[in-house]
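I opened this model to check a few backbone angles, one core and one surface patch. My notes follow in the order I looked.

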Amino acid sequence: MPQTTSGLLPAYLIVGADDLKRARSMTRLKARLDEGFAAFNLDQRVSSSDLEPMDIISSLNTLPMGDVFRLVMIERAEKLPKPVSEAIITYLADPNPACVLCLVAEGLPKNTRLYKAVAKVGKQAIVDCTPKKRWELPPLVVKMAQSQGIRMDQAAATELVSRVGESTTMIDAQLKVLCQYCRDAGVITVADVEQHITRTAEVKPWDFLDAVCARDAAKALTLYRLMQNPSQVALCSLLAGRLRELVCARSLAARGQTGSLATELGKQAWQVKNHAAWARRFPEGALERALVSCARCERALKSGSDADATFTRLVIETCA
């Protein structure tokens with residue numbers, strides 16, 4: 001299908017749960033309009049049950065005023081009424097060359113007729129805004145900081161993600177706050193994140209486990225205290241499992257086979273990328289003693305001892 005008179009495709013689908021990427025993609029597209037005529041040539045709507053097919057098609061077929069193209073943007077496209085989506089599918093078979101349709105959706109299955117109709121428009125018609133996995137976020141945050149002219153190392157980025165969660169919009173907002181505080185220094189450190197960013201995301205068990213593996217008792221206990229109604233028995237089991245993984249990592253490292261750790265544990269490489277370094281933090285025999293402590297802690301917890309005091313003692317012993 002040919003491009004419109006603006007050089008853009010006749011239709012785009014901005015789809016995915018990464019709200020920041022969706023917002024930026026929409027902004028870039030709207031920026032292509034002539035500012036002086038944007039009020040006339042931008043028809044921006046949110047899907048609702050009262051949308052009428054003929055109203056949408058009429059807007060799509062309207063010629064632009066004083067500009068090279070008209071932009072019709074419909075958010076929450078996954079909620080479009082069936083008659084409207086069918087009308088759009090029919091329209092896309094012969095679209096107005098002076099108009100660009102932009103559908104925005106948090107999620108729209110690839111097997112739907114609407115998705116297929118937009119995808120048929122061109123290779124670039126689908127703008128993928130699938131959110132990154134949690135482990136992919138810190139490198140992204142580092143790049144986001146660089147784009148604002150400030151340095152940020154991986155540890156600081158990881159701490160920011162841990163504190164605000166995985167919403168890129170929240171990360172972007174808090175990163176801007178950090179940039180204001182740290183502009184003169186030119187760098188954002190872990191201490192800066194801890195000082196200026198309040199934790200709003202619920203503590204994840206793996207954040208706690210990472211702190212214990214790094215033998216950072218203060219951080220591990222802080223995270224433990226921030227957990228909402230934690231199960232000490234479950235945490236003890238998770239910690240024992242992680243310690244066994246470190247024993248395996250140390251054993252493979254001794255044989256020069258660190259690269260096979262992920263395969264041996266049945267995990268992805270990113271899940272064990274720090275295991276070898278963590279294992280080296282424990283002196284000879286410390287991991288085995290920690291496993292014995294875990295078994296002792298679990299027995300005590302199940303026999304009715306003070307759960308908080310018993311588990312806190314385990315964390316301190318493991319990190320000591």
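**Entry 1: a loop residue.** I started with asparagine 229, which sits in the loop between α11 (217–226) and α12 (232–254). The model is a predicted one. I read a phi near 50 degrees for asparagine 229, a positive value in a residue other than glycine. Most residues other than glycine have a negative phi, hence my note. Is asparagine 229 buried or exposed? Its relative accessibility is 77%, and the cut-off for exposed is over 50%, so asparagine 229 counts as exposed.

**Entry 2: another positive phi.** I turned to arginine 76, in the loop between β3 and α4. Arginine 76 is not a glycine, yet its phi is positive, about 55 degrees. I looked up its cover as well: arginine 76 is partly exposed, at a relative accessible area of 45%.

**Entry 3: the core.** Next I went to the largest nonpolar core, which has 42 residues. Which of them touch the most other members? I found Leu80, Ile88, Leu92, Leu101 and Leu103. Elements that each supply at least two residues of this core include β1 (11–15), α3 (53–60), β3 (70–75), α4 (82–92) and α5 (113–119). I noted β4 (99–105) too. The largest share, 7 residues, comes from β4.

**Entry 4: the surface.** I finished with a positive surface patch, formed by Lys21, Arg28, Lys132 and Lys143. I followed up one of these: lysine 21 lies in helix α1 (residues 19–30). Helix α1 also supplies at least two residues of the core in my previous entry. Lysine 21 itself has a relative accessible area of 39%, so I logged lysine 21 as partly exposed.

How values were computed. Residues are numbered from 1 along each chain as its sequence is written. This is a predicted model: local features need pLDDT of at least 70, side-chain atom pairs count only at pLDDT 80 or more; totals for chains, interfaces and linings use all residues. Side-chain values use heavy atoms; hydrogens and water are left out. Patches are made of residues with over 30% relative accessible area and no salt bridge: like charges are joined within 9 Å, nonpolar side chains (Val, Leu, Ile, Met, Phe, Trp, Tyr) within 5 Å. Accessible areas come from the Shrake-Rupley method with a 1.4 Å probe; for residues, only the protein chains shown count as cover. A salt bridge is a side-chain nitrogen of Lys or Arg within 4 Å of a carboxyl oxygen of Asp or Glu. Lys and Arg count as positive and Asp and Glu as negative; His and the chain ends are not counted. The place of a charge is taken as NZ of Lys, CZ of Arg, CG of Asp or CD of Glu. Helices (H or I, at least four residues) and strands (E, at least two) are DSSP runs, numbered from the N terminus. Buried means under 20% relative accessible area, exposed over 50%, partly exposed in between (1.4 Å probe, protein chains only). A nonpolar core is a set of buried Ala, Val, Leu, Ile, Met, Phe, Trp, Tyr and Cys residues joined through side-chain atoms within 4.5 Å.
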